[in-house]
Amino acid sequence: MKPLFATALYAILLTACGTNSGNVTLETLVDMQREYDGERVATRGVVRTFDNPRHYWIEDDKLNRVALLPEDQLPPLVGRTLRVVGTFSYSPSTGRIITIEQMELEL
(Lines give C-alpha, C1' and ligand atoms only; values in the text may rest on other atoms or scores of the structure.)
Protein backbone atom coordinates (compact mmCIF):
# COMPACT_ATOMS: atom_id res chain seq x y z
CA MET A 1 0.00 0.00 0.00
CA LYS A 2 1.36 3.45 -0.91
CA PRO A 3 2.14 5.60 2.16
CA LEU A 4 -0.08 8.51 1.07
CA PHE A 5 -3.02 6.21 0.36
CA ALA A 6 -2.52 4.41 3.68
CA THR A 7 -2.47 7.73 5.56
CA ALA A 8 -5.67 8.91 3.85
CA LEU A 9 -7.42 5.60 4.53
CA TYR A 10 -6.34 5.74 8.20
CA ALA A 11 -7.72 9.28 8.55
CA ILE A 12 -11.07 8.22 7.05
CA LEU A 13 -11.31 5.24 9.39
CA LEU A 14 -10.47 7.38 12.43
CA THR A 15 -13.19 9.84 11.48
CA ALA A 16 -15.72 7.06 10.94
CA CYS A 17 -14.87 5.28 14.19
CA GLY A 18 -13.95 8.24 16.37
CA THR A 19 -15.95 10.40 18.70
CA ASN A 20 -17.97 12.04 15.94
CA SER A 21 -21.29 10.25 16.18
CA GLY A 22 -22.76 12.19 13.28
CA ASN A 23 -26.46 12.76 12.72
CA VAL A 24 -28.65 11.38 15.46
CA THR A 25 -32.29 12.00 16.30
CA LEU A 26 -33.40 13.56 19.56
CA GLU A 27 -35.34 10.37 20.27
CA THR A 28 -32.12 8.35 20.03
CA LEU A 29 -30.27 10.80 22.30
CA VAL A 30 -33.03 10.45 24.90
CA ASP A 31 -33.23 6.66 24.61
CA MET A 32 -29.44 6.17 24.63
CA GLN A 33 -28.33 9.17 26.69
CA ARG A 34 -25.61 7.30 28.60
CA GLU A 35 -24.14 5.81 25.42
CA TYR A 36 -23.85 9.23 23.74
CA ASP A 37 -22.42 11.03 26.80
CA GLY A 38 -19.28 12.86 25.70
CA GLU A 39 -19.90 12.27 21.98
CA ARG A 40 -19.93 14.92 19.25
CA VAL A 41 -23.37 14.80 17.60
CA ALA A 42 -25.46 16.57 15.01
CA THR A 43 -29.21 16.77 15.54
CA ARG A 44 -32.18 19.01 14.90
CA GLY A 45 -35.28 20.22 16.65
CA VAL A 46 -37.47 23.21 17.43
CA VAL A 47 -36.01 25.72 19.87
CA ARG A 48 -38.11 26.17 23.02
CA THR A 49 -37.64 28.15 26.21
CA PHE A 50 -38.94 28.50 29.75
CA ASP A 51 -38.84 31.63 31.89
CA ASN A 52 -38.12 30.57 35.44
CA PRO A 53 -35.26 29.83 35.40
CA ARG A 54 -34.61 30.92 31.81
CA HIS A 55 -33.29 28.01 29.75
CA TYR A 56 -33.43 26.76 26.16
CA TRP A 57 -33.71 23.37 24.52
CA ILE A 58 -34.61 21.72 21.24
CA GLU A 59 -37.42 19.22 20.95
CA ASP A 60 -39.08 16.98 18.37
CA ASP A 61 -42.76 16.17 17.75
CA LYS A 62 -42.66 13.50 20.48
CA LEU A 63 -41.35 16.04 23.04
CA ASN A 64 -37.87 14.49 23.24
CA ARG A 65 -35.79 17.34 24.64
CA VAL A 66 -32.13 18.28 24.92
CA ALA A 67 -30.91 21.52 26.53
CA LEU A 68 -28.61 23.85 24.58
CA LEU A 69 -25.60 25.82 25.79
CA PRO A 70 -24.44 28.53 25.44
CA GLU A 71 -27.75 30.35 25.31
CA ASP A 72 -26.68 33.85 24.19
CA GLN A 73 -27.74 33.44 20.51
CA LEU A 74 -30.90 31.40 21.15
CA PRO A 75 -33.57 33.98 22.18
CA PRO A 76 -34.45 35.09 18.60
CA LEU A 77 -34.58 31.45 17.45
CA VAL A 78 -37.42 30.29 19.71
CA GLY A 79 -40.03 28.46 17.64
CA ARG A 80 -37.63 27.86 14.74
CA THR A 81 -36.12 24.55 13.62
CA LEU A 82 -32.41 24.44 14.30
CA ARG A 83 -29.67 21.99 13.35
CA VAL A 84 -26.94 21.87 15.98
CA VAL A 85 -23.55 20.20 16.14
CA GLY A 86 -21.81 19.88 19.45
CA THR A 87 -20.82 17.74 22.39
CA PHE A 88 -23.65 15.84 24.05
CA SER A 89 -23.50 15.28 27.78
CA TYR A 90 -25.78 13.55 30.23
CA SER A 91 -25.91 13.27 33.99
CA PRO A 92 -28.84 12.56 36.31
CA SER A 93 -28.31 15.91 38.07
CA THR A 94 -28.05 18.18 34.99
CA GLY A 95 -29.96 16.19 32.37
CA ARG A 96 -29.19 16.13 28.63
CA ILE A 97 -27.19 19.03 27.19
CA ILE A 98 -25.55 19.83 23.87
CA THR A 99 -22.72 22.34 24.04
CA ILE A 100 -23.08 24.03 20.66
CA GLU A 101 -20.14 24.17 18.27
CA GLN A 102 -22.17 24.99 15.15
CA MET A 103 -25.79 25.78 14.46
CA GLU A 104 -27.91 26.68 11.47
CA LEU A 105 -31.56 27.46 10.91
CA GLU A 106 -33.53 25.06 8.77
CA LEU A 107 -36.04 26.56 6.43
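## About the model

The structure is a predicted model, where local features need pLDDT of at least 70, side-chain atom pairs count only at pLDDT 80 or more, and totals for chains, interfaces and linings use all residues. Residues are numbered from 1 along each chain as its sequence is written, and side-chain values use heavy atoms, with hydrogens and water left out.

## The overall fold

Read from the N terminus, their order is α-β-α-α-β-β-β-β-β.

The protein chain has 107 residues, and 29% of them count as buried, meaning under 20% relative accessible area with a 1.4 Å probe, protein chains only. Its accessible surface is about 7000 Å², with 56% belonging to carbon and sulfur atoms; such areas come from the Shrake-Rupley method with a 1.4 Å probe.

Among contacts (heavy atoms within 4.5 Å) with a separation of 6 or more, 48% link residues 24 or more positions apart.

## How the strands pair

Two strands pair if DSSP finds at least two bridges between them. Strand S5 (residues 81-91) is antiparallel to strand S2 (residues 40-50), with seven bridges. Here Thr-81 in S5 stands opposite Val-46.

S5 also runs antiparallel to strand S6 (residues 95-105), joined by 10 bridges. Phe-88 has Ile-98 in S6 as its bridge partner. Three residues lie between S5 and S6, which form a hairpin.

Note on methods: Helices (H or I, at least four residues) and strands (E, at least two) are DSSP runs, numbered from the N terminus. Buried means under 20% relative accessible area, exposed over 50%, partly exposed in between (1.4 Å probe, protein chains only).
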